[in-house]
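This report describes selected helices, a nonpolar core and a few backbone angles. The sequence and the structure come first.

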Amino acid sequence: MAQSTKQALAASLKKMLEKRNLDDITVKELVEDCQVNRQTFYYHFQDIFDLLAWFLEREFSALMPERCTTGNWQDTLLHITHYVKGHYKLMLHIYSSNGQQVFNQELNRVSLQMMYEVVESSGDGLSIAEEDKRFVANFYKCALTGIFADWLSRGMEEDPAQLVAKAGILLDGAFRRGVACFSKDS
């Protein structure tokens, strides 16, 4: 029951975000829409931002493959950009509100996970310290999230496939070179 209540609250939030800014949505409206009481909401979530984080984590995680590699990171990024563009109003209502920080945190989490897995697969046969793997993955995460945030702030006008293709031109082969720079085998 608890999971279905959380899902109902998230579905209600998603529905409302299609129509208006996150800052204009209240807990009262969410619980009325779900026909639960306020205490039920606060049993599951601290506030609307906590619900938003839970919702975004589930949405983005569903777009991730079991494991990202140098062979599929572009497909994963393309799925995410298509999802975001396909939910333009919802994303705009999050990104232009106090929920932007929550969105950025989730984007950073997903991007770091993706880049770490790519860095690991790029380092096959190379001896690299865990700390260095995390550094390289974080470097590429910052590049991707920066490009993504810029794309969002410009209204998502560029076609997702073009955006991902341009990132691919810059990053194909870069992962292996980045890992090799920190390799003890070099």
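## Helix α9

On one side of α9, K166, I169 and L170 are exposed, exposed meaning over 50% relative accessible area, buried under 20%, and partly exposed in between (1.4 Å probe, protein chains only). Helices (H or I, at least four residues) are DSSP runs, numbered from the N terminus. The model is a predicted one, in which local features need pLDDT of at least 70 and side-chain atom pairs count only at pLDDT 80 or more, while totals for chains, interfaces and linings use all residues. Residues are numbered from 1 along each chain as its sequence is written, and side-chain values use heavy atoms, with hydrogens and water left out.

The buried residues of α9 are P160, L163, V164, A167, G168 and L171. Seen down the helix axis, they fall within an arc of 135 degrees and so line one face of α9; the arc is taken over the directions from the helix axis to the C-beta atoms. An α-helix has 3.6 residues a turn, so residues three or four places apart point the same way. The buried residues of α9 pack against α5 (73–86), α8 and α10 (174–182). The twelve residues of α9 reach 16 Å from first to last C-alpha, close to the 16 Å expected at 1.5 Å a residue, where the expected span is 1.5 Å times one less than the number of residues. Just after α9, G173 has a positive phi of about 85 degrees.

V164 lies in α9 (residues 160–171) and is buried, with a relative accessible area of 4%. Leaving aside neighbours within four places in sequence, V164 is in contact (heavy atoms within 4.5 Å) with Q74, L77, L78 and T81.

T145 belongs to helix α8 (residues 130–153). Its relative accessibility is 11%, so T145 counts as buried. Not counting residues up to four places away in sequence, T145 touches L107, N108 and S111.

## Nonpolar core

A nonpolar core is a set of buried Ala, Val, Leu, Ile, Met, Phe, Trp, Tyr and Cys residues joined through side-chain atoms within 4.5 Å. The largest one has 56 residues, and L30, F41, L52, W73, V84, F103 and M115 touch the most other members. Helix α7 (residues 100–122) gives the largest share of this core, nine residues. With neighbours within four places in sequence left aside, F103 is in contact with L56, F60, M91, I94, Y95, F148 and L152.

## Helix α4

The 16 residues of α4 (residues 48–63) should span 22 Å at 1.5 Å a residue, and the end C-alpha atoms are 23 Å apart, which agrees. Buried in α4 are I48, L51, L52, W54, F55, L56, F60 and L63. At the start of α4, a side-chain oxygen of D47 comes to within 3.1 Å of the backbone nitrogen of F49.

## Positive phi in loops

Most residues other than glycine have a negative phi. Q35, which is not a glycine, has a positive phi near 60 degrees. Q35 sits in the loop between α2 (27–34) and α3 (38–44) and is exposed, with a relative accessible area of 74%.

M156 is not a glycine either, and its phi is positive, about 55 degrees. M156 lies in the loop between α8 and α9 and, at 3% relative accessibility, counts as buried.

Definitions and conventions
Helix = DSSP H or I, 4+ residues; strand = E, 2+ residues; numbered from the N terminus. Polar contact = N/O pair within 3.5 Å; in protein donor to acceptor, adjacent residues only side chain to side chain.
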